[in-house]
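These are my notebook entries on a single chain. I set down what I looked up, entry by entry.

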Amino acid sequence: MTNSTHRVTRRRVLGTTGPEVSALGLGCMGMSDLYGPADEAESVATIHAAVDAGVTLLDTGDFYGMGHNELLIRQALRERDRDDVAISVKFGALRDADGGWHGNDARPEAVRNFLAYTLRRLGTDHVDVYRPARLDPAVPIEETVGAIKEEVEKGRVRHIGLSEVGADTLRRAAAVHPIVDLQIEYSLISRGIEEEILPTARELGVGVTAYGVLSRGLISGHWTATKGAGDFRAVSPRFQGENLDHNLSLVEALRAVAAEKGATVAQLAIVGPGPGRGHRAAGGRPPPRPADRGAGRAGRHPHRGGPGPDRSGGPGRRRGGGAVRAGPDGAPGQRALTAVRAAGRCAHN
């Protein structure tokens, strides 16, 4: 498992109607935004290395670096076959030149506007999966999905996805057009999605693209109590004081299991809850979710400046959806889950 030349050969279909992609995807956000300075040449080389290793899903957002991330992907794929990868794009977050966040716009006319710019920046005639980054509380999800459906019919979008929504919203969206996947944070120590939306997504045939599988580096095996962060993690409660001490004790429980398997902590964490119909994205990740912002209540998210991940679909609790299933007893992911449960709950807040 520690061989750096290991190829990603496992493939999964996103949901029941989506594209077949590699089980591991590459999230590109950190190459342009939010995780400190990035080297453009290194970022392009990373995309090349991922594709060469068999990764076929690249995830971005039109607001990552105010369009820079899409231009970066265009540069990286300039001499590659466009059809070798599936590009997933989030849209709708409103930003300013100082990097600030000013809500979310998912009106039908905004969908058409954002997509036009995305296609030009990416240098392509279609996006494989297109999704609103967050709900726009002023626009019914049916209207947003309906507008994307029109772009599917015109051939400019292949599939529709969602991000950070609750079970009710997922149902309403799926009634308008098939939803292939839901992007949501899901890791060994962030398991709130399993209570409500995970069963709903399974019922509807919606896959999950799990981000934050290393809990923003916390369970990578490299974080220490003295390591600081020059980005949003510097104020994230899970990286502070007693929370950090407790969370690092969970990492040590993972480290013991990883050592038995001849793997790194990060490799074990990515195996996560085990095999299933879901999908995991590694690399750059979306900005901090409300789980980092409040204690047992809906938080505030920089994409929208409002409470919770889903105001139209429920009370905005820290839940998500998808179809990643735990593996059989004794599998590395299940052993890791057992170890974390024995060590205690993650202190997010």
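Entry 1, an exposed loop residue. I began with A97, which counts as exposed because its relative accessibility is 85%, the cut-off for exposed being over 50%. I placed A97 in the loop between strand 6 (93–95) and strand 7 (101–104). I then looked up its separation from G65: the two residues are 32 apart along the chain, and their C-alpha atoms are separated by 9.8 Å. I note here that the model is predicted.

I found nine helices and 12 strands in the secondary structure of the chain. The chain has 349 residues, of which 60% are buried. I also looked up the sequence range of the contacts: among those between residues at least 6 apart in sequence, 75% join residues at least 24 apart.

I turned to G67, in the loop between strand 4 (57–61) and helix 2. I recorded a relative accessible area of 1% for G67, so this glycine is buried. Setting aside neighbours within four places in sequence, I found G67 in contact with D62 and R121. I also checked G67 against Y117: the C-alpha atoms are 8.8 Å apart in space, while the residues are 50 apart in sequence.

I took helix 1 as residues 40–52 and helix 2 as residues 68–76; they pack at an angle of about 60 degrees, and their axes are 9 Å apart. That angle makes helix 1 oblique to helix 2. I noted the crossing of helix 1 past helix 2 as right-handed. On the helix 1 side, I listed E40, S43, V44, I47 and H48, which meet H68, L72, I73, Q75 and A76 of helix 2. Sorted by class, this contact has five nonpolar residues, four polar and one charged.

I looked up the pairing of helix 2 with helix 3 (residues 108–122), where the axes cross at roughly 35 degrees and come within 8 Å. I found the contact to be made by E70, L71, I73 and R74 from helix 2, with T118, R120, R121 and L122 from helix 3. By class, I recorded four charged, three nonpolar and one polar residues in this contact. I note that I73 is listed in the contact with helix 1 and again in the contact with helix 3.

Is R82 buried or exposed? I found a relative accessibility of 18%, so R82 counts as buried, given that the cut-off for buried is under 20%. R82 is in the loop between helix 2 and strand 5 (86–91). I placed D128 in strand 8 (residues 127–132); with a relative accessibility of 8%, D128 counts as buried too.

What joins the side chains of D128 and R82? I found a polar contact of 2.8 Å between them. I also found a polar atom of the R82 side chain 3.0 Å from the backbone oxygen of H126. With neighbours up to four places away in sequence left out, R82 is in contact with I87, T124, H126, V127 and D128.

How values were computed:
Residues are numbered from 1 along each chain as its sequence is written. This is a predicted model: local features need pLDDT of at least 70, side-chain atom pairs count only at pLDDT 80 or more; totals for chains, interfaces and linings use all residues. Side-chain values use heavy atoms; hydrogens and water are left out. Axes are lines fitted to C-alpha atoms, for helices over the stretch in contact, and angles run from 0 to 180 degrees between N-to-C directions. Helices (H or I, at least four residues) and strands (E, at least two) are DSSP runs, numbered from the N terminus. Angles under 35 degrees count as roughly parallel, over 145 as roughly antiparallel, 65 to 115 as roughly perpendicular and the rest as oblique. A crossing is left-handed if the near helix is turned anticlockwise from the far one by less than a right angle, and right-handed if clockwise. Contact means heavy atoms within 4.5 Å. Ala, Val, Leu, Ile, Met, Phe, Trp, Tyr, Cys and Pro count as nonpolar, Asp, Glu, Lys and Arg as charged, and the others, Gly among them, as polar. Buried means under 20% relative accessible area, exposed over 50%, partly exposed in between (1.4 Å probe, protein chains only). A polar contact is a pair of N or O atoms within 3.5 Å; within protein, one must be able to donate a hydrogen and the other to accept it, and residues adjacent in sequence count only if both atoms are side-chain atoms.
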